Amino acid sequence: MSQDDKGRSLMPPRPDTGRAITERLDRPLTAAEFHRLATVPAEAEWFANLYNPRTRRAYQTDLQDFMGFAGIRQDEFRIVTRAHVLAWRKVLEERALSGATIRRKLAALSSLFKYLCEKNAVDFNPVNGAKRPKVDSNGGKTPALGDHQARALLDAPDPTTLKGKRDRALLSVLLYHGLRREELCRLTVRDIHARRGVLHLRIHGKGNKLRYLPLHAGSAERIHAYLAVAGHGEAPDAPLFQPARRKTHAALTADGVYKIVLAYAARAQIEVQGFGVHSLRATAATNALEHEADIAKVQEWLGHANIATTRIYDRRKSRPEDSPTFWVTY
């Protein structure tokens, strides 16, 4: 297990404490391996259950931050009290971190303690009762595009080339279905299928949770046009969106999607501060809510665990066109 300069144990666990053993279970466990697995600390089990690599990296950093502040090792979380958590929160605030970052750090610590409580490794969750910064409903949000900007982006790729057909389908899936980058990259040809006579996308979301979204007619048309020339439409397990220039049979990466979206945004002359791929998810959610979609359905559609996250995209009360400014006449 890696250690910092003061000897504190850090996440993740040593490979031989669990994962390396379970990866080679094509035979019965030896007695030594059985006992080693039986002594894997609950903290290491919790960390191993974080499937999303970005979440793992973020939570590892957050927990190392707390452990460094509290001066504890990985096996000493049971001595943490609420006073430690409150003192850490004060330090985070003094470091002028954003409210969202502080919320994430406290969420990481709370998630660990919730698991430790379930395993009877600790008596209570000291993060409970520690107030978290409120979500700012007006600032710091991912920007959403206006309708005219979304249309310009959808029409930016060349419809006559393979790359253009792929990118027209890709942008359509993002803007009409509100997917995360990673969810888009995980799509396979098999993930387009009929449910009750309606084409759906099967989305592999955070925490390996599946959700099924009806496929928008415009997206279906663009995907069909792309697969008709791409050559992998009859391969169910093939990644849906693949590199166009060379046949690798691999999926586009999240970084590749980022570059594609920003390139077309520049071509469409979209200049929005803070714009990124997540802006297309924000655009889809905002547009659905503005057209009277039920917010609980939007929560399910986006794969949010908490409806408070969905409310961040509800900007119906702050639409410029609804301002009294435009009712003033002289």
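Which residues line the largest cavity?

## The cavity

The lining of the largest cavity is made up of Leu162, Tyr226, Ala230, His232, Gln242, Pro243, Ala244 and Lys247. A cavity is a set of points on a 1 Å grid over the protein atoms alone where a 1.4 Å probe fits but cannot get out, and lining residues have an atom within 4 Å of a point. By class, this lining has 5 nonpolar residues, 2 polar and 1 charged.

## The model

This is a predicted model, in which local features need pLDDT of at least 70 and side-chain atom pairs count only at pLDDT 80 or more, while totals for chains, interfaces and linings use all residues. Residues are numbered from 1 along each chain as its sequence is written, and side-chain values use heavy atoms, with hydrogens and water left out.

## Helices α7 and α8

Helix α7 covers residues 147-154 and helix α8 covers residues 162-177; their axes are 9 Å apart and meet at an angle of about 155 degrees. That makes α7 roughly antiparallel to α8 (angles over 145 degrees count as such). Axes here are lines fitted to C-alpha atoms, over the stretch in contact, and angles run from 0 to 180 degrees between N-to-C directions.

From α7, Ala150, Leu153 and Leu154 meet Arg168, Leu171, Ser172, Leu175 and Tyr176 of α8. Contact means heavy atoms within 4.5 Å.

## Arginine 168

Arginine 168 belongs to helix α8. With a relative accessible area of 19%, arginine 168 is buried (under 20%). Beyond its neighbours within four places in sequence, arginine 168 touches Leu154, Asp155, Pro157, Asp158, Pro159 and Arg222.

Technical notes
1 Å grid on protein atoms, 1.4 Å probe; cavity = no way out; pocket = protein on both sides within 12 Å on 5 of 7 lines; lining within 4 Å. Nonpolar A, V, L, I, M, F, W, Y, C, P; charged D, E, K, R; others polar. Helix = DSSP H or I, 4+ residues; strand = E, 2+ residues; numbered from the N terminus. Parallel < 35°, antiparallel > 145°, perpendicular 65-115°, else oblique. Buried < 20%, exposed > 50% of the residue type's maximum accessible area, 1.4 Å probe, protein only.
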